[in-house]
Amino acid sequence: MRFVTSVSIVLLSAGLVSCGSDGGSDTERRISVPVDYPTIAAAVESATPGTTIEIEPGIYHEAVEVRTERITIRGTDRNSVILDGNFTLPNGISVINNNVAIENLTVRNYLQNGIVFNGISSASQGSGVDPDVDYGTGDDVLENYRVSYVTAHNNGLYGIYAFASRGGLIEHSLASGHPDSGFYVGQCQPCDVTLDSNIAEHNAIGYFGTNASGGVVVARSIFRDNRLGIAPNSQEMERLAPQAEGIFVGNLVVDNNSPEAPAISYGYVGGGIAVGGGTKNLILRNRVEGHDRAGIELLRFEPFLPQFNRVEGNVLLNNAIDLAYHTE
C-alpha cells in the first residue's frame with residue numbers, strides 16, 4: 001500500500017447526449033404516457049432517436065426494454081411515477097443501446113434489477129453473444145448512459161446496474177433494499193463512469209464494482225446501514241480482471257453493519273470500504289465510521305492481491321480496525 005502527499009482530483013461528468021438533435025438526422029420529439037401511449041413500453045417501442053418520453057404520475061406494472069438509441073425516459077414526479085414489478089417481472093428498465101437517459105422516477109419490486117444497462121446485449125444485437133469476445137472494452141460496449149434522480153428499492157438483485165458499458169453518469173439517486181448491491185458497475189475497461197451525490201442504504205453492498213477499471217469515480221455520496229459500504233473488486237467470474245484505477249473520494253461511509261439489510265448467501269459484513277484484490281485505486285478524503293470489522297480494508301480476493309492502492313486524507317472513527325491490509 002502506498003501513501004502519497006498530494007493528489008489533485010477533478011470530477012468530470014460523462015459526455016452524454018441523452019436527447020435532442022446533434023446535427024444529424026435525429027428529430028426531436030416529445031411524447032407522453034399515458035396521454036399519447038397507454039404504457040411506457042408502448043411509448044419506448046414507438047420512439048425514434050431524439051425522443052423524450054414524459055411519464056405522468058401512476059403505478060406502471062410493466063417491464064421496459066429500450067432498443068432505440070438517443071432517448072430520454074423522464075418521470076414528471078420522482079415519488080409518484082412508479083414502475084412496479086409485483087415481484088413477477090425480471091427488470092424494470094433494461095437498456096441495450098447507446099445514449100439513453102433515465103430521470104426522475106421510482107423503480108421497485110422487480111425480480112432482478114431496477115435499471116440495467118447491458119453492453120453485451122448492445123454489442124451483440126442480431127449476432128448472438130460470442131464467448132470469445134471481451135465485452136466491456138474496445139468497441140464491444142454500450143456507450144453513454146445516465147441515471148438522474150431515480151429511486152430504486154426492493155429489487156431482487158441490484159438497484160442500478162451497468163455491465164460492459166462505458167461513459168456513464170449516475171447521480172442524485174437512491175438505492176435501498178437490494179440483496180446484492182444498490183449500485184453496480186462491472187466488466188468495463190475503461191468504464192469512464194461517475195457516481196455522484198447518491199445514497200445507498202439497507203443493501204447487502206452499497207457500491208459493488210467487479211472488474212470495473214479506468215475512469216471510475218464514486219464521489220460525494222452516502223453509504224449507510226448496508227452490510228458493506230463500498231467494494232471495488234477483482235474476480236475471475238467476469239472478464240477484464242483485475243479491477244484497477246477507481247477513485248473513491250469525499251464519501252460518507254457509516255454504520256455498514258446492518259443485520260436487517262437483505263443478505264446474499266455469502267459476503268463480507270461490517271466494513272466501510274473493502275478493496276478485494278483491486279489495484280491502483282485512490283481512496284481519498286472519505287469519512288468512514290462505525291464498522292464492526294474494519295473502516296478501510298485492502299484484502300486478497302480469489303487469486304488477486306490488492307496492489308498499488310493509495311489511501312490518503314480519510315477520517316476514520318469508531319471502527320473495530322480503522323485500516324487493514326491482508327494478503328492471506
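Visitor: Why is Gln235 called buried?

Guide: Gln235 has a relative accessibility of 6%, and buried means under 20% relative accessible area, with exposed over 50% and partly exposed in between (1.4 Å probe, protein chains only). So Gln235 counts as buried. A word on the ground rules: this is a predicted model, where local features need pLDDT of at least 70, side-chain atom pairs count only at pLDDT 80 or more, and totals for chains, interfaces and linings use all residues. Residues are numbered from 1 along each chain as its sequence is written, and side-chain values use heavy atoms, with hydrogens and water left out.

Visitor: Where does Gln235 lie, and what is Gln235 in contact with?

Guide: Look in the loop between strand E20 (228–233) and strand E21 (246–249). Strands (E, at least two residues) and helices (H or I, at least four) are DSSP runs, numbered from the N terminus. Contact means heavy atoms within 4.5 Å. Leaving aside neighbours within four places in sequence, the partners of Gln235 include Phe208, Ala241, Phe301 and Phe304.

Visitor: What makes the peptide bond from Ala241 to Pro242 stand out?

Guide: That bond is cis, with omega near 0°. Pro242 sits in the loop between E20 and E21. Another cis peptide bond joins Val33 and Pro34, with omega about 10°; Pro34 is in the loop between strand E1 (29–33) and helix H1 (40–46).

Visitor: How do you know whether Phe248 is buried or exposed?

Guide: Phe248 has a relative accessible area of 0%, so it is buried. This residue belongs to strand E21, and its contacts beyond four places in sequence include Tyr207, Val218, Ile230 and Leu284. Val249 also lies in E21; at 7% relative accessible area, Val249 is buried.

Visitor: What makes a set of residues a nonpolar core?

Guide: The members are buried Ala, Val, Leu, Ile, Met, Phe, Trp, Tyr and Cys residues joined through side-chain atoms within 4.5 Å. Here the largest such core has 55 residues, and Ile53 and Tyr207 have the most contacts inside it. Strand E10 (residues 142–153) supplies the largest share of this core, 5 residues. Apart from it lies another core, of 18 residues, among them Ile120, Val133, Tyr161 and Phe163. Back with Ile53: outside its four-place neighbourhood in sequence, its contacts include Ile31, Val33, Val44 and Ile71.

Visitor: Why is Asn154 called partly exposed?

Guide: Its relative accessibility is 36%, so Asn154 counts as partly exposed. Asn154 is in the loop between E10 and strand E11 (158–163), and has a positive phi of about 60° although it is not a glycine.

Visitor: Is Gln187 buried or exposed?

Guide: With a relative accessible area of 5%, Gln187 is buried. Gln187 lies in strand E14 (residues 181–188), and its phi is positive too, about 50°, although this residue is not a glycine.

Visitor: Zooming out, how many helices and strands are there in the chain, and why is the chain called as compact as a globular protein of that length?

Guide: There are 2 helices and 29 strands. The radius of gyration, taken over C-alpha atoms, is compared with the globule rule, 2.2 Å times the number of residues to the power 0.38. The chain comes out at 19 Å, close to the 20 Å given by the rule for 328 residues, so it is as compact as a globular protein of that length. Buried residues make up 57% of the 328.
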